[in-house]
Amino acid sequence: MPQRIWMIMWKEFIQIMRDARMLVVVIALPVLMLVLYGYAINFDVKHLPLAIYDQDRSQASRALISAFAQSEYFTMVAWLHNNPQVTQALDRGQAKVVLVIPTTYSADLAAGQTTAVQVLVDGSDATTASTAIGYAQAMVQQHSAQIAVQALQGAGVNTSGVSLPVDNRVRYWYNPELKSTNFIIPGLIAVILMMLATLLTSMTVVRERERGTIESLIVSPVMPVELMLGKLIPYVLIAFFDVMLVMVASVLLFHIPLVGSPVLVLALSGIFLTAALGIGLLISTVATSQQFAMTVAVMATQLPSVLMSGFLFPINSMPPKVQLLTLLIPATHFIKILRAVFLKGSGFADLWQPTLFLLLIGGVMLGLSALRFKKKV
Amino acid sequence: MMHTEVPLAVEVTDLVKRFGAFTAVDHISFTVPKGEIFGFLGPNGAGKSTTIRMLCGILVPTAGSGRVAGFDVVTESERIKTRIGYMSQKFSLYEDLTVEENIEFYGGVYGVSRHKLAERKQWILEMANLTERRTSLTGELAMGWKQRLALGCAIVHEPEILFLDEPTAGVDPISRRTFWDLIYDVAGQGVTVFVTTHYMDEAEHCDRLAMIYNGQLIALGSPQALKDRTVSGVLLDIQAQPAMAALEALEEAPGVTDVTIFGSALHVIVETADAIPSLRDYLTARQITVTALEPILPSLEDAFVALIEQADQQAAMGKE
Ligand SMILES: Nc1ncnc2c1ncn2[C@@H]1O[C@H](COP(=O)(O)OP(=O)(O)OP(=O)(O)O)[C@@H](O)[C@H]1O
Ligand SMILES: [Mg+2]
């Protein structure tokens with residue numbers, strides 16, 4: 001490596017080590033973000049507050065209620081006795097779900113007729129509501145199947161060889177418990193590293209401009225590409241430290257499995273970091289002040305990587321044009337990689353495509369930064 | 001085109017720099033032979049830094065051409081870089097690096113070999129009197145030391161030509177003296193020094209001066225030649241009370257070509273020395289007390305003021 005790149009790396013390292021603020025950003029920020037986001041974002045719907053209006057008050061209705069109450073998805077919070085109370089419980093948010101069992105419930109069942117129960121769900125939180133409806137439907141179905149079997153037995157039919165004709169059993173691969181943290185955390189790692197890496201480099205060139213040191217560099221024989229590389233490499237190393245920090249913290253705090261190869265994760269992280277740091281560098285060559293650079297870095301990375309990378313919202317359900325746009329976001333590719341390696345244990349053979357995209361983004365960013373630096377002083 | 005005997009360190013032809021509609025440097029031409037201490041003198045905003053920055057490859061000229069060490073500043077800037085040293089007007093070393101680290105950084109960036117660098121570092125530390133402070137953070141140094149370190153870093157790679165942009169701005173007079181001693185040292189080693197300043201006493205130290213005003217070159221020559229050429233007639237230093245009345249009276253007085261306020265005194269140019277006795281009588285007759293009135297040799301400042309007045313008059317006439 002040319003001596004000039006070495007010198008810039010060396011200088012940059014000393015400066016980072018002497019900057020207390022920088023150390024806070026490098027060490028405290030990622031862990032803080034991981035903990036805050038990690039605990040805040042949770043799509044698992046468990047222990048939904050459930051209220052019951054049992055108009056029937058029979059043995060049959062109690063059996064259905066206990067089926068609900070025993071599941072971990074619902075927690076009984078109230079017994080209701082009339083319709084106004086039902087409205088009130090939902091309005092006040094005391095309950096998210098109300099199960100109403102009609103007076104004819106046990107009679108209908110005894111007569112071998114189809115009966116209906118009513119499940120009222122607070123729809124103001126659409127995600128939770130749809131999950132709750134799903135759970136409730138499943139519970140009711142299961143319960144009615146049991147009743148059907150019992151009825152047959154009661155009629156003297158030998159059911160030992162009989163099972164329900166279709167056993168609808170969905171099995172989730174890769175994330176058997178459907179823990180949303182398993183899905184969220186790898187994405188979160190990408191979001192955090194994206195912001196951090198961009199932030200790190202975004203200030204490095206503007207700082208030289210603000211302090212006037214840029215002129216000494218321009219008149220020196222340092223080539224723009226050498227300067228950009230010399231500035232980039234120390235941050236790649238520092239960001240690598242953060243990769244490990246965040247990943248170890250994720251495994252320890254959120255117990256997400258790392259099925260695949262840790263070495264592969266690290267290697268591909270390096271490529272991702274180059275892209276993210278490259279974006280920071282480009283921002284830095286354009287920005288007029290450190291303040292401005294920081295703001296742009298946070299805006300430019302947070303919004304796209306949270307909203308458009310597939311972190312929270314599936315890319316498949318976006319309009320086709322937006323889907324193309326998501327390819328420009330490094331986090332999109334890195335999230336793909338992380339989820340695949342962490343949860344599926346995928347190898348490089350499955351991941352060359354996102355890797356290639358990351359390489360492309362990184363190369364373009366670095367090139368643009370060097371060009372931009374040359375033109376504008 | 002004929003080639004001059006002495007090789008040129010700097011050669012500027014019709015150089016122009018515009019920022020939008022504003023012309024910061026307006027068709028200036030001059031040459032600097034090798035080994036000279038060349039001063040670039042001008043008031044704030046005259047275009048000194050802009051010119052130097054074009055020569056060092058920081059800014060691209062709008063028009064005209066410049067050659068440094070024989071290379072074109074636009075097309076061959078890479079070849080110029082290792083041959084020049086530059087000290088910018090704004091302090092531009094890393095304040096969070098130590099004295100030694102700054103020297104090592106710039107030495108390394110300029111490709112000075114490890115062995116040579118150790119030697120240069122030693123020399124710079126001694127020259128700048130910073131040996132004891134070698135491990136201090138640069139930001140903690142007083143301005144005078146910082147400037148000397150900046151000079152050291154600018155010459156760590158032993159450039160042929162050294163560009164100094166107001167190297168002594170904001171430095172106390174003693175440090176300025178020391179700094180100029182260093183400049184002489186460097187020049188003594190055969191380095192061409194191109195230095196901007198607006199201190200007249202510093203300008204006197206230069207072999208040759210270019211005076212620049214509103215982006216235009218208004219005079220070029222040795223300090224002595226500039227003084228002789230610009231001030232035609234005899235320069236008088238007059239101390240008189242009340243000063244305002246004296247100023248007004250002198251402007252009307254016969255034989256007087258120019259009056260300027262110069263500290264507490266007035267500098268007056270008369271056509272010949274014969275006018276001196278009658279001038280004293282002229283003032284006394286107007287109830288003005290004359291405490292001193294004597295011919296003096298024009299200073300560089302007198303020359304500078306006279307040149308700027310001429311330039312302003314010409315500009316005014318050009319507008320009419
Ligand atoms: N990048 C720029 N954009 C616009 N105007 C500029 C720029 N750089 C310099 N100028 C203007 O050009 C003029 C000349 O500036 P320059 O810095 O060359 O002056 P100077 O002679 O060095 O003055 P000083 O003694 O204050 O350093 C000034 O009016 C300045 O405002
Ligand atoms: Mg200047």
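**The hairpin and its sheet**

Me: How many bridges join strand 9 of chain B to strand 10 of chain B?
Reply: This is a predicted model. Strand 9 covers residues 208-213 of chain B, and strand 10 covers residues 216-221 of chain B. The two run antiparallel. The bridges joining them number five.

Me: Which residue in strand 10 of chain B is the bridge partner of B:Leu209?
Reply: Take another pair of these strands to begin with: B:Met211 stands opposite B:Ala219 in strand 10 of chain B. B:Leu209 also has a bridge partner in strand 10 of chain B. That partner is B:Gly221.

Me: Which residue takes a positive phi in the hairpin of strand 9 and strand 10 of chain B?
Reply: The hairpin has two residues between the strands.

Me: Is B:Asn214 buried or exposed?
Reply: B:Asn214 sits in the loop between strand 9 and strand 10 of chain B. Its relative accessible area is 51%. Exposed means over 50%, so B:Asn214 counts as exposed.

Me: In what order do the six strands of the open sheet in chain B stand?
Reply: The pairing in this sheet is mixed. The twist averages 15° from one strand to the next. The order is 6-7-8-3-9-10.

Me: Why is one side of strand 6 and of strand 10 of chain B left without a neighbour in the sheet?
Reply: Strand 6 and strand 10 of chain B each have a single partner strand. One side of each is therefore left without a neighbour, because both stand at the edges.

Me: What angle does helix 8 of chain B make with strand 10 of chain B?
Reply: Helix 8 spans residues 223-230 of chain B. This helix lies across strand 9 and strand 10 of chain B. It runs to strand 10 of chain B at about 110°.

Me: Which strands are the edge strands of the four-strand sheet in chain B?
Reply: The four strands form an open sheet in the order 2-1-4-5, with antiparallel pairing. An edge strand here pairs on one side only. The edge strands are strand 2 (22-33) and strand 5 (71-72) of chain B.

Me: Which strands of chain B does helix 1 of chain B touch?
Reply: Eight bridges join strand 1 of chain B to strand 2 of chain B. Helix 1 of chain B packs on the sheet, and its direction makes about 120° with that of strand 1 of chain B. The helix touches strand 1, strand 2 and strand 4 (63-68) of chain B.

**The magnesium ion**

Me: Which residues are the protein donors of the magnesium ion (ligand 2)?
Reply: The donor atoms lie 1.9 to 2.1 Å from the ion. The donors are B:Ser49 (OG) and B:Gln89 (OE1).

Me: Is B:Ser49 buried or exposed?
Reply: B:Gln89 has a relative accessible area of 40%, so B:Gln89 is partly exposed. B:Ser49 has 18% relative accessibility. Buried means under 20%, so B:Ser49 counts as buried.

**An arginine and its contacts**

Me: Which backbone oxygen lies 2.5 Å from a polar atom of the side chain of B:Arg120?
Reply: B:Arg120 is in helix 4 (residues 114-127) of chain B. At 9% relative accessibility, B:Arg120 counts as buried. It touches residues including B:Val156 and B:Glu158. The oxygen belongs to B:Ile155.

Me: What value is phi of B:Glu158 near?
Reply: B:Glu158 lies in the loop between helix 5 and strand 7 of chain B. At 44% relative accessibility, B:Glu158 counts as partly exposed. Its phi is positive, in a residue other than glycine. The value is near 50°.

**Confidence in chain A**

Me: Over which residues of chain A is the pLDDT below 50?
Reply: Chain A averages a pLDDT of 84. Where pLDDT is low, the predicted coordinates should not be read in detail. One stretch has zero contacts in the model beyond near neighbours in sequence. That stretch, with pLDDT below 50, is residues 165-171 of chain A.

Methods:
Residues numbered from 1 in each chain as written. Chains lettered and ligands numbered in written order. Predicted model: local features only at pLDDT ≥ 70, side-chain atom pairs only at ≥ 80, totals over all residues. Heavy atoms only, no water. Buried < 20%, exposed > 50% of the residue type's maximum accessible area, 1.4 Å probe, protein only. Polar contact = N/O pair within 3.5 Å; in protein donor to acceptor, adjacent residues only side chain to side chain. Contact = heavy atoms within 4.5 Å. Donors = N, O, S within 2.8 Å, 3.2 Å for Na, K, Ca; no water. pLDDT = per-residue confidence, 0-100. Pairing = 2+ DSSP bridges. Axes fitted to C-alpha atoms, helices over the stretch in contact; angles between N-to-C directions. Lists of a residue's contacts leave out its neighbours within four places in sequence.
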